[in-house]
Amino acid sequence: MNEYDSNRIFDITKKIDYFPTTKKSEADCYIINTCHIREKATEKVFHDVGRVKKEFKNKKKPILIITGCVAQAEGDLILKKDRYVDAVIGPQSYHSINKVIKDIENKKEQYEITNFETIKKFDELKLTHNNNSNVSSFLTIQEGCDKFCKFCVVPYTRGPEHSRNFHEILNEADRLISNGSKELILLGQNVNAYNNNNKFLSDIIYALEKKKDLLRVRYYTSHPKDMTKDLFEAHKDCTKLMPLLHLPVQSGSDVILKSMNRKHTIKDYFEIINTLKEKNPKIKFASDFIIAYPGERDDDFKKSCELMKRVKFINSYSFIYSPRPGTPACEMEMIDEKLAKKRLFVFQNLAEKIKLNYKKKLLNQKVKVLFENKMKDEKDKYFGRDEYQNPVIVHSKENIIRKEKRVLIKNFSQHTIYGELIDNVNHLAA
Ligand code: SAH
Ligand code: SF4
């Protein structure tokens with residue numbers, strides 16, 4: 001979502017003639033968009049500010065603005081500690097950035113804007129063209145969270161749940177499609193909690209299914225509790241909805257899930273997986289795990305490993321629990337660091353092994369790949385992603401960017417899969 005927000009910030013600042021540049025050290029305004037979800041987020045910001053100071057040591061100081069969730073959570077501290085920072089702007093107030101930049105140009109006052117003005121923000125965004133023309137583009141449809149998992153800072157930094165207007169979302173989708181996007185990734189902290197006047201996520205997916213020039217739809221990140229019947233049906237009916245679901249589970253132990261206030265059990269989780277497999281036998285799953293959450297016993301950890309083995313997630317993100325100031329779990333006793341690291345090591349090894357087996361099975365399979373760009377340093381090599389978001393590289397004399405092609409998988413390395421073009425899927429479908 002930060003990537004979506006950064007692009008939208010650019011779309012807004014263009015209105016006052018501040019354009020994105022790759023020459024960082026020549027910028028007139030420097031914006032650091034931050035994430036607060038884990039670890040030493042604030043320290044990292046001060047580190048980044050130090051880097052900017054160094055870069056601009058013998059030059060005119062740029063306007064320096066910190067945006068995102070660290071600005072939201074620790075904005076006053078940042079402003080007090082470092083006068084070099086001109087403003088902090090939270091994730092629900094960046095529609096005001098032009099006013100802030102103009103005021104700083106004139107007065108050089110420090111600014112803190114951390115109100116939750118989600119509705120105003122989307123009102124501004126609806127009037128601001130989304131200029132993104134990536135093959136695969138993000139589209140925020142929902143923000144914030146009311147679930148309050150005990151470890152998580154999102155409800156405090158992104159604020160309460162808000163679903164964008166259904167028609168505005170489809171307008172932005174049209175704009176992105178006419179810019180050339182072939183895949184839309186619908187975003188939200190709880191994207192499947194989307195509800196705008198009884199229009200749900202499934203309604204957006206069905207509406208996108210009808211868009212002629214759009215090839216693929218995905219959504220991130222969904223909460224097990226909000227996997228509703230209509231969404232199951234969408235997975236059966238909508239051919240553009242990709243057969244990979246990122247469904248964070250966090251732990252394989254019901255005791256830990258309860259202590260996290262996750263509002264779902266492992267039984268619930270399997271019911272969702274089984275229903276989705278019935279609706280679409282091609283579907284595969286990815287997930288997030290928190291390792292060494294306070295109170296996690298050996299037995300609980302083993303249950304996370306068992307779950308990993310049972311579901312065989314093709315992708316998983318696992319991190320050691322990171323205490324977030326202001327969250328209830330922050331008061332709980334931490335697991336010994338050495339033990340936590342050991343568990344993470346064991347878990348990630350297991351996840352890698354499962355992924356490797358999955359990749360081996362891909363060899364000599366035919367997959368559909370949507371091509372996103374040409375490789376920079378390699379001649380006639382194109383990069384794309386298959387339906388399960390695996391990165392695939394092929395050789396092609398023809399420019400295949402923005403096209404979906406069938407590919408025969410020939411080889412793979414740790415991060416990439418290599419294949420050969422078979423034919424033109426678009427032509428076959430014509
Ligand atoms: N809304 C989604 C997740 C959003 S946060 C859900 O409920 O599943 C993205 C991921 O960051 C989470 O899935 C979780 O695994 C991780 N995360 C959040 N807070 C964390 C913390 N304090 N320590 C470690 N990982 C954390
Ligand atoms: Fe955080 Fe997701 Fe829980 Fe909301 S549902 S508090 S975003 S982990």
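This is a predicted model: local features need pLDDT of at least 70, side-chain atom pairs count only at pLDDT 80 or more; totals for chains, interfaces and linings use all residues.
Reader: Nice. How many residues of domain 2 are in contact with domain 3?
Author: On the domain 2 side there are 25 residues, and they touch 21 residues of domain 3.

Reader: And what area do domain 2 and domain 3 bury between them?
Author: About 1,900 Å², with 55% of that on carbon and sulfur atoms.

Reader: Thanks! Switching to ligands: which residues surround ligand 2?
Author: Its surroundings are Cys145, Lys147, Phe148, Cys149, Phe151, Cys152, Val154, Pro155, Asn190, His223 and Arg262.

Reader: How many of the residues in the shell around ligand 2 are nonpolar, polar or charged?
Author: The shell of ligand 2 has 7 nonpolar residues, along with 2 polar and 2 charged ones.

Reader: Good to know. On to helices: at what angle do helix 7 and helix 8 pack?
Author: Helix 7 (residues 166–179) and helix 8 (residues 201–209) meet at about 35 degrees, and their axes are 11 Å apart. The contact uses Phe166, Ile169, Leu170 and Ala173 from helix 7, with Asp203, Ile204, Ala207 and Leu208 from helix 8. By class, the residues of this contact are 7 nonpolar, no polar and 1 charged.

Reader: Is the crossing of helix 7 and helix 8 left-handed or right-handed?
Author: Helix 7 and helix 8 cross in a right-handed way.

Reader: Last topic, the backbone. Which peptide bond is cis?
Author: The bond from Tyr220 to Thr221 is cis, with omega near -20 degrees. Thr221 sits in the loop between strand 11 (216–220) and helix 9 (229–237).

Reader: And what is the phi of Asp17?
Author: Asp17 has a positive phi of about 65 degrees, although it is not a glycine. You'll find Asp17 in the loop between helix 1 (2–13) and strand 1 (29–34).

Notes:
Residues are numbered from 1 along each chain as its sequence is written. Chains are lettered from A and ligands numbered from 1 in the order in which they are written. Side-chain values use heavy atoms; hydrogens and water are left out. A residue is near a molecule or strand if one of its heavy atoms lies within 4 Å of it. Ala, Val, Leu, Ile, Met, Phe, Trp, Tyr, Cys and Pro count as nonpolar, Asp, Glu, Lys and Arg as charged, and the others, Gly among them, as polar. Axes are lines fitted to C-alpha atoms, for helices over the stretch in contact, and angles run from 0 to 180 degrees between N-to-C directions. Helices (H or I, at least four residues) and strands (E, at least two) are DSSP runs, numbered from the N terminus. A crossing is left-handed if the near helix is turned anticlockwise from the far one by less than a right angle, and right-handed if clockwise. Contact means heavy atoms within 4.5 Å. Buried area is the accessible area (1.4 Å probe) that two parts lose on being put together, summed over both.
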